[in-house]
Amino acid sequence: MTNKVKTFRFLANEMTQSDLGEQVGVTRQTIAAIEAGKYSPSLECAFRIAEVLGQPLQEVFHWED
């Protein structure tokens, strides 16, 4: 799975990882791991991230075989 969390975070008034994590209900470390591709979020977490970033889920997260 790839994602554009960092890109959309920057476009959202340069939101920090901490700010995003707080709004989603996870830690800054979790957001950092998701952005780095080291952790795949739960479906609920992915939907919350997309909602906070104001983007459709499929714009933020992409599944690759």
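This is a predicted model: local features need pLDDT of at least 70, side-chain atom pairs count only at pLDDT 80 or more; totals for chains, interfaces and linings use all residues.

Let's begin with the core. The largest nonpolar core has 14 residues, and the members that touch the most others are Val-5, Leu-20, Ile-34, Ile-49, Leu-53, Val-60 and Phe-61. Who supplies it? At least two residues come from each of helix 1, helix 2, helix 3, which is 28–35, and helix 4, which is 43–53. Helix 4 is the top contributor, giving 5 residues. As background, nonpolar side chains in soluble globular proteins tend to be buried together.

Now look at Phe-61. If you skip its neighbours within four places in sequence, Phe-61 is in contact with Met-1, Thr-2, Asn-3, Val-5, Ile-34, Pro-41, Ala-46 and Ile-49. Val-5, Ile-34 and Ile-49 were also in that list of core residues that touch the most other members.

On to helix 2, where the buried residues are Gln-17, Leu-20, Gly-21 and Val-24. Looking down the axis of helix 2, you find those buried residues within an arc of 100°, so they line one face. The general rule is that an α-helix has 3.6 residues a turn, so residues three or four places apart point the same way. What does the buried side of helix 2 pack against? Its buried residues sit against helix 1, helix 3 and helix 4. Turn to the face pointing away from the buried side, and there you have Glu-22 and Gln-23, both exposed. After helix 2 comes Gly-25, with a positive phi near 100°.

Gln-17 counts as buried because its relative accessibility is 18%, and the cut-off is under 20%. What does the side chain of Gln-17 pair with? There's a polar contact of 3.4 Å to the side chain of Arg-28. Not counting residues up to four places away in sequence, Gln-17 touches Arg-9, Arg-28, Ile-31, Ala-32 and Glu-35.

Last stop, the loop between helix 1 (5–11) and helix 2 (17–24), which is where Asn-13 sits. Asn-13 isn't a glycine, but its phi is positive, near 55°. Glu-14 is in the loop between helix 1 and helix 2 too, and that residue also has a positive phi, about 55°, without being a glycine. Buried or exposed? Asn-13 is exposed, at 76% relative accessibility, and Glu-14 is exposed as well, with a relative accessible area of 55%.

That's my tour; over to you.

Technical notes. Residues are numbered from 1 along each chain as its sequence is written. Side-chain values use heavy atoms; hydrogens and water are left out. Helices (H or I, at least four residues) and strands (E, at least two) are DSSP runs, numbered from the N terminus. Buried means under 20% relative accessible area, exposed over 50%, partly exposed in between (1.4 Å probe, protein chains only). A nonpolar core is a set of buried Ala, Val, Leu, Ile, Met, Phe, Trp, Tyr and Cys residues joined through side-chain atoms within 4.5 Å. Contact means heavy atoms within 4.5 Å. The arc is that of the directions from the helix axis to the C-beta atoms. A polar contact is a pair of N or O atoms within 3.5 Å; within protein, one must be able to donate a hydrogen and the other to accept it, and residues adjacent in sequence count only if both atoms are side-chain atoms.
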